[in-house]
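Here are my notes on this one, jotted down while going through the model. Have it open as you read.

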Amino acid sequence: MSQDLSVSSLSMVKCQCGIVTRIFTAFTPTNAGRHFYKCSKPNGYKCDYWKWVDEPLHPRVANLIHNLKKENDYLHREKKGLEMRIADLEKYLASEIEENCQRLDEIIILKSEEVVVDKSKNFFYKMWIVIAMLWCCFAAFITFWVMK
Ligand SMILES: [Zn+2]
């Protein structure tokens, strides 16, 4: 009997409890894809009633359905794993972007401070040049005046 079941639809067949059964799909290697009636009560409360809906499938068809089901389950697990990895990568990239934005802000602040320092240095250099030129003019004037 199947261990791997899925509910597919409601039926009108009643079980030993007197309630309408549900139709399930078997995914065992020998009966993969075959439908059966089973009590619709939750596990622990259901009776033992079950009955096949379909005729047995050809063994190759049942095996093919079973293998496709296994492959589908594997692909679903793989997809979930990849989705989790994508979520982790998105978190990592978001934190990297945040960190790089902070570094960029710090660099911009440092550059703007360097520009201010450079401007103040330029002002002092210009002042020294003006003072030196004035001193030269004064010295030339004194020399010319003394020579006179
Ligand atoms: Zn029942």
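The points below go from the overall layout to the details.

1. First, the ground rules. This is a predicted model, where local features need pLDDT of at least 70, side-chain atom pairs count only at pLDDT 80 or more, and totals for chains, interfaces and linings use all residues. Residue numbers start from 1 along each chain as its sequence is written.

2. Overall layout: the protein chain has four strands and one helix, in the order β-β-β-β-α along the sequence. Helices (H or I, at least four residues) and strands (E, at least two) are DSSP runs, numbered from the N terminus.

3. With a radius of gyration of 44 Å, well over the 15 Å that the globule rule gives for 148 residues, the protein chain is more spread out than a compact globule. That radius is taken over C-alpha atoms, and the rule is 2.2 Å times the number of residues to the power 0.38. The C-alpha trace spans about 135 × 35 × 20 Å along its principal axes.

4. Burial: 10% of the 148 residues are buried, meaning that 20 or more other C-beta atoms, placed from the backbone, lie within 10 Å of the residue's own.

5. Where is the largest nonpolar core? Its seven residues are Phe24, Ala26, Phe27, Ala32, Phe36, Tyr37 and Ala62. Both β2 (20-26) and β3 (35-38) supply at least two residues of this core. A core here is a set of buried Ala, Val, Leu, Ile, Met, Phe, Trp, Tyr and Cys residues joined through C-beta atoms within 7 Å.

6. Seven residues from domain 1 and seven residues from domain 2 take part in the contact, counted when C-beta atoms, placed from the backbone, lie within 7 Å.

7. In the model, residues 65-99 are 100% helix and 0% strand, with end C-alpha atoms 50 Å apart. Residues 127-147 are likewise 100% helix and 0% strand, and their end C-alpha atoms are 30 Å apart.

Conventions
Buried ≥ 20, exposed ≤ 12 C-beta atoms within 10 Å, placed from the backbone. Contact = placed C-beta atoms within 7 Å.
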